[in-house]
Amino acid sequence: MKKSNIIYASIVGAIILAVILYFSLRHTEGDGHVHTDGETHTVETHTDEKEPTTIKEVELNEAQFKASSIELGTFSDKNLSEVINVNGYTKLPPQNQADVSVYTSGIVKTITISEGQYVSKGQIIATIESPEFTKLQEAYLTSKSNLEFLKLEFERQKTLSDEEVNSKKTFQKTKAEYEIERARFNSLQKQLNTLNISGNGNTTATVPVIAPISGNITEIYIKIGSNVEAGKPLMNIVDNSKLHVDLLVYEKDLFKVKQGQNVRFILTNQDNTEINGKIFSVGKSFENETKSVAVHADISNNQQKLIPGMYVNALIDAGANTVKALPSEAIIKADGREFIFVLEEGHKEEVAHDKKEGHNHEDGDKHEE
């Protein structure tokens, strides 16, 4: 008898436990969350395909709603800019970089600048000495004298030829000698101009080295007494005032990028100061098999001290889209999370939903769902 009672009691207990579990699970699946006045609840729901989902809500009763002076509002259509996040680096155009070299060999006599110094276009930055310069000036002066004589002789023979006093052959010979000497003189004059030598003064064995552009000296490869060769760089000059930014845009975003779009970027390793720019050119080929295209942007506020090769993070304003948005005042921040209050149908209370539950917003004054 005792054994039958035990079995009966076990059956009744199992039935009661099954009923409690049934209604508990039914309530959880139906609501997905629990409401209590002024309290926060966490409920985990499980499905066969997804990870457990945590739902966080705060429900306010009517008295709490009135005491909080909450104003009701709704989503509105706003034009928010679509941006493309890209990386890149600062770059200097080739026309703002220069190698300083000479057109003939010689020995360095003086160096008048130092690395990092700013120089102006046409400024003397060094001098080169060579006996070849003296020979060139001598040839120039000799040619100049011969040209003056041949010019007078050419004019005299032309007059005699017009009057048929001398033969045409004599006139043609004088004309040929004059034109040959004139070509030689012009060639020597251009060589002197290239070497920055004036052919009108006394001969000199020293010639100046002139800065081809304005900018800062980055490297000097020579020293006093160095032997220089024609075409070999003596030093480098860069003009960073024309610096621009090369942004690497991947294929999926390339169709959104156009000339004239605004760019905002910050220097990766600097003080995160925002710098503005504008796209002036979009590349037409991929960069080094990276499936990215170089997009070139001018720098608008160039007061920053920038040098070539600095890495940047940039946002390209790719246009405006109409989205559902909320004012920033509708976002409540608490305990490191962000919430919005939602008025549910059939309730006189306001429920605060964690924004991570599906209410997203953009940084700034407007927030979107």
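# Briefing: sheets, a helix pair and selected residues

Strand β15 (residues 292-299) is largely enclosed by the rest of the structure, because seven of its eight residues are buried. Buried means under 20% relative accessible area, exposed means over 50%, and partly exposed lies in between, with a 1.4 Å probe and protein chains only. The model is predicted: local features need pLDDT of at least 70, side-chain atom pairs count only at pLDDT 80 or more, and totals for chains, interfaces and linings use all residues. Residues are numbered from 1 along each chain as its sequence is written, and side-chain values use heavy atoms, with hydrogens and water left out.

Helices (H or I, at least four residues) and strands (E, at least two) are DSSP runs, numbered from the N terminus. Two strands pair if DSSP finds at least two bridges between them.

**Strand β15 and its partners**

- Strand β12 (residues 244-250) pairs with β15 in the antiparallel sense, over seven bridges.
- Within that pairing, L247 has V295 of β15 as its bridge partner.
- Strand β14 (residues 274-286) also pairs with β15 in the antiparallel sense, over six bridges.
- There, K278 stands opposite D298 in β15.
- β14 and β15 form a hairpin with five residues between the strands. In this hairpin, N288 takes a positive phi near 50°.

**The open sheet β4-β11-β9-β6**

- Four strands make up this open sheet, in the order β4-β11-β9-β6, with antiparallel pairing.
- β4 (97-100) and β6 (118-119) stand at the edges; each has a single partner strand, so one side of each is left without a neighbour in the sheet.
- Strands β9 (residues 215-220) and β11 (residues 235-238) run antiparallel and are joined by four bridges.
- I217 has I237 in β11 as its bridge partner.
- G215 has its place in strand β9. G215 is buried, with a relative accessible area of 0%.
- The C-alpha atoms of G215 and D239 are separated by 4.3 Å, although the two residues are 24 residues apart along the chain.

**The open sheet β8-β7-β5-β10**

- Four strands form this open sheet, in the order β8-β7-β5-β10, and the pairing is antiparallel.
- Its edges are β8 (206-210) and β10 (227-228); each has a single partner strand, so one side of each lacks a neighbour in the sheet.
- Strand β5 (residues 106-111) pairs with β10 in the antiparallel sense over two bridges.
- G106 stands opposite V228 in β10.

**Helices α3 and α4**

- The axes of helix α3 (residues 131-162) and helix α4 (residues 168-194) come within 8 Å and cross at roughly 155°. Axes are lines fitted to C-alpha atoms, for helices over the stretch in contact, and angles run from 0 to 180 degrees between N-to-C directions.
- α3 and α4 are therefore roughly antiparallel to each other. Angles under 35 degrees count as roughly parallel, over 145 as roughly antiparallel, 65 to 115 as roughly perpendicular and the rest as oblique.
- By class, the contact of α3 with α4 has 11 nonpolar, nine polar and 10 charged residues. Ala, Val, Leu, Ile, Met, Phe, Trp, Tyr, Cys and Pro count as nonpolar, Asp, Glu, Lys and Arg as charged, and the others, Gly among them, as polar.

- F185 is found in helix α4. F185 counts as buried, at 11% relative accessibility.
- F185 and K144 are 41 residues apart along the chain, and their C-alpha atoms are separated by 6.2 Å.
- T174 also has its place in helix α4. T174 counts as buried, at 8% relative accessibility.
- The side chain of T174 reaches the backbone oxygen of T170 at 3.0 Å.
- N196 lies in the loop between α4 and β8. At 39% relative accessibility, N196 counts as partly exposed.
- N196 is not a glycine, yet it has a positive phi of about 60°.

**Q261 in its loop**

- Q261 is found in the loop between α5 (251-254) and β13 (262-267). Q261 counts as buried, at 11% relative accessibility.
- A polar atom of the Q261 side chain lies 3.0 Å from the backbone oxygen of K256.
- A polar atom of the Q261 side chain lies 2.9 Å from the backbone nitrogen of K258.

Notes
Polar contact = N/O pair within 3.5 Å; in protein donor to acceptor, adjacent residues only side chain to side chain.
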